[in-house]
Amino acid sequence: AGGDFTNIGGVPRNYLARITDTGSVDATWNPAPSHEVYALDIAADNTAIYVGGRFNQIGGQARAHVARVALAGAGAVDTQWNPGTNSTVFSIAESPHGW
């Protein structure tokens, strides 16, 4: 779940949270972006999620409004993927064709 929240399901989370299949907040996954998240897309290989929004930092990494975050563990930011933008991202989708 992404948005303009600082608490979800009674758990403190800034703007981004992973919800388990039972409906509870995953206590270990917390990339904690610095500002709102408006766009999410799961990577085709199901190992990461693309995140877009108004943030300039996520997972302790500087990122300009867009990031690729691991779905496993604590939600580490992919340090090799950093296209950056100069403004807020409202929509994001991974291309199945690689373009």
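**Exercise 1. Histidine 65**

Does histidine 65 count as buried or exposed, and at what relative accessibility?

*Solution.* Some ground rules come before the steps. This is a predicted model: local features need pLDDT of at least 70, side-chain atom pairs count only at pLDDT 80 or more, and totals for chains, interfaces and linings use all residues. Residues are numbered from 1 along each chain as its sequence is written, and side-chain values use heavy atoms, with hydrogens and water left out.

Step 1. Set the cut-offs. Buried means under 20% relative accessible area, exposed means over 50%, and partly exposed lies in between (1.4 Å probe, protein chains only).

Step 2. Apply them. Histidine 65 has 14% relative accessibility, so the residue counts as buried.

Step 3. Locate the residue. Histidine 65 sits in the loop between strand 6 (61–62) and strand 7 (66–70). Strands here are DSSP runs (E, at least two residues), and helices are runs of H or I of at least four; both are numbered from the N terminus.

Step 4. List the partners. A contact means heavy atoms within 4.5 Å. With neighbours within four places in sequence left aside, histidine 65 touches Val51, Gly52, Gly53, Arg54 and Phe55, and also Thr85, Asn86, Ser87, Thr88 and Val89.

**Exercise 2. The open sheet**

Work out the strand order of the open sheet and its pairing.

*Solution.* Step 1. Count the elements. The protein chain has 0 helices and 7 strands.

Step 1. Define pairing. Two strands pair if DSSP finds at least two bridges between them.

Step 2. Read the order. An open sheet of 3 strands runs 3-4-7, with antiparallel pairing. Strand 3 and strand 7 are the edges, each pairing on one side only.

Step 3. Check each pair. Strand 3 and strand 4 are antiparallel over 5 bridges; here alanine 39 stands opposite glycine 52 in strand 4. Strand 4 (residues 48–53) and strand 7 are also antiparallel, over 5 bridges. In strand 7, valine 69 stands opposite isoleucine 49.

Step 4. Look at cover. Strand 7 is mostly covered, with 4 of its 5 residues buried.

**Exercise 3. An aromatic pair**

Which parts of the sequence does the pair of tyrosine 38 and phenylalanine 90 tie together?

*Solution.* Step 1. State the rule. Rings of Phe, Tyr and Trp (its six-membered ring) pair if their centres lie within 6.5 Å; planes under 30 degrees apart count as stacked, over 60 as edge-to-face and the rest as tilted.

Step 1. Count. The rule gives 2 aromatic pairs.

Step 2. Classify one of them. Tyrosine 38 and phenylalanine 90 are stacked, at 5.2 Å centre to centre with 25° between the planes.

Step 3. Tyrosine 38 is in strand 3 (residues 37–42) and phenylalanine 90 is in the segment after strand 7, so the pair joins parts 52 residues apart in sequence.

Step 4. Tyrosine 38 counts as partly exposed because its relative accessibility is 38%. Phenylalanine 90, at 60%, counts as exposed.
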